[in-house]
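Here is a friendly set of notes to read alongside the model. Take the points in order, with the structure open beside you.

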Amino acid sequence: MAGESDLTTLLTSMHPVVRHGDYVYALWPHGKPLEGNIEAAVREAEGLTVVLRREEAERLGLSYDFEAAWITLQIHSALEAVGLTAAVSSALTAAGISCNVLAGFHHDHLLVPSAERGHAMGVLQRLAQGLVLRTEKPADREGVLDLTASAFSISPVTGLPVEGIPAEVKLLRELFDCDEYLPEFSIVAEIGGEIVGHIISTRARLGNLELLGLGPISVQPHLQRRGIGSALLRETARRAEDAGEPGIALLGSTDFYPGFGYLPASQLGVTAPDPAWGDHFQLLPLKAWPDGVSGTFRYAAPFEALQGRPTSGL
């Protein structure tokens with residue numbers, strides 16, 4: 001049976017599956033006959049590289065490198081297919097995940113760092129839906145601002161059309177230029193190379209404790225309620241956890257955000273900048289959240305000009 005070669009079909013049907021266990025790369029001793037359960041091998045002028053389960057490498061007494069999770073793309077891809085490897089490696093690279101690719105007759109196989117297996121699977125599943133998340137770049141700025149204008153053309157507070165340029169556009173422009181801007185927490189969502197979503201979190205404070213203030217978050221109106229905002233929220237939380245941030249605060253819907261672990265900030269002893277926000281001011285405590293902390297939350301300076309109403313956009 002001939003393999004699939006159409007890139008769109010390959011991406012939407014690739015169905016990534018993680019093999020059980022951890023795999024390693026090792027150099028096979030020169031002149032020694034192959035034995036044991038070798039999963040893959042590559043002969044080079046310098047010697048024979050083998051890929052095998054970590055436990056098998058240890059049983060055979062081999063020194064090894066690069067402990068990896070093995071992900072198989074279940075689609076039967078043609079060996080001459082163009083674009084699949086590039087699309088997959090680009091998406092993983094944008095997510096900061098290294099990847100080694102092995103092509104078999106029937107399937108492509110990806111070896112990614114073991115600690116990144118869950119993150120890599122999330123990236124691949126979004127890629128199958130056509131969605132790529134990556135860190136915002138300066139060249140994205142005008143496109144992100146245009147996106148924000150579209151997303152906030154209807155006020156999330158009143159539900160009515162906004163006259164002129166939404167205040168969130170001015171806020172975002174100022175956040176890009178302020179001291180509290182954190183590049184790694186400005187994330188765009190792309191479909192087919194077009195920016196369709198954006199989320200930003202900037203440095204905020206609770207007394208002497210530094211944490212994140214989230215917002216605005218924008219998704220193209222015609223693509224809202226399709227999981228793009230949810231993917232951006234989860235990616236923000238993942239990056240914040242990896243960076244050792246203690247928590248993320250936002251002002252938004254009490255129906256939507258609790259599904260992502262957000263709690264009324266008051267339950268954690270945190271007071272909103274404006275008490276009128278009530279339970280709409282929410283906080284996601286992460287692993288580094290300290291016990292006994294309390295006080296009034298302070299957003300990045302540009303929020304002060306938004307009439308005391310920073311908004312998430314969802």
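This is a predicted model: local features need pLDDT of at least 70, side-chain atom pairs count only at pLDDT 80 or more; totals for chains, interfaces and linings use all residues.

1. Is α7 mostly covered or mostly open? It is mostly covered, with eleven of its 15 residues buried. Among the buried ones are Ile-228, Leu-232, Leu-233 and Ala-237, and also Glu-235 and Arg-239. After the helix comes Gly-244, which has a positive phi near 80 degrees.

2. Next, the interior. In soluble globular proteins, nonpolar side chains tend to be buried together. Here the largest nonpolar core has 31 residues, and Val-270, Phe-281, Leu-283, Trp-289 and Phe-297 are those with the most contacts inside it. At least two residues each come from α5 (141-151), α6 (167-177), β10 (194-206), β12 (247-251) and β15 (281-285). The biggest contribution is from α6, which gives five residues.

3. Setting aside neighbours within four places in sequence, Val-270 is in contact with Leu-206, Ala-265, Phe-281, Leu-283, Trp-289, Gly-295 and Phe-297. There is also a second, separate core of 26 residues, which includes Leu-133, Phe-185, Leu-214 and Tyr-257.

4. The aromatic rings deserve a look too: a search of the whole structure finds twelve aromatic pairs. One of them joins Phe-281 and Phe-297, with ring centres 5.3 Å apart and planes at 55 degrees, so this pair is tilted. Phe-281 is in strand β15 and Phe-297 in strand β16 (residues 295-298), so the pair ties together parts that are 16 residues apart in sequence.

5. Where do charged groups meet rings? The charged end of Arg-53 sits over the ring of Tyr-23, 5.8 Å from its centre. Arg-141 lies over the face of Phe-176, at 4.1 Å from the ring centre.

6. Leu-52 belongs to strand β4 (residues 47-53). With a relative accessible area of 0%, Leu-52 is buried. Beyond its neighbours within four places in sequence, its contacts include Tyr-23, Val-24, Ile-38, Leu-60 and Leu-62. Asn-37 is another contact of Leu-52; the two are 15 residues apart along the chain, and their C-alpha atoms are separated by 6.7 Å.

7. How many disulfides does a search of the whole structure find? It finds zero. As for individual cysteines, Cys-99 is partly exposed at 23% relative accessible area, whereas Cys-178 counts as buried at 16%.

8. Finally, some backbone details to check. The peptide bond from Gly-215 to Pro-216 is cis, with omega near 0 degrees, and Pro-216 is in strand β11 (residues 209-219). His-15 is not a glycine, yet its phi is positive, at about 45 degrees. His-15 sits in the loop between α1 (7-12) and β1 (16-18) and counts as exposed at 52% relative accessibility. Phe-66, also not a glycine, has a positive phi of about 55 degrees. Phe-66 is found in strand β5 (residues 64-73) and is partly exposed, with a relative accessible area of 23%.

Note on methods: Residues are numbered from 1 along each chain as its sequence is written. Side-chain values use heavy atoms; hydrogens and water are left out. A nonpolar core is a set of buried Ala, Val, Leu, Ile, Met, Phe, Trp, Tyr and Cys residues joined through side-chain atoms within 4.5 Å. Buried means under 20% relative accessible area, exposed over 50%, partly exposed in between (1.4 Å probe, protein chains only). Helices (H or I, at least four residues) and strands (E, at least two) are DSSP runs, numbered from the N terminus. Contact means heavy atoms within 4.5 Å. A disulfide is a pair of cysteine sulfur atoms within 2.5 Å. Rings of Phe, Tyr and Trp (its six-membered ring) pair if their centres lie within 6.5 Å; planes under 30 degrees apart count as stacked, over 60 as edge-to-face and the rest as tilted. A charge sits over a ring if NZ of Lys or CZ of Arg is within 6 Å of the ring centre and within 35 degrees of the ring normal.
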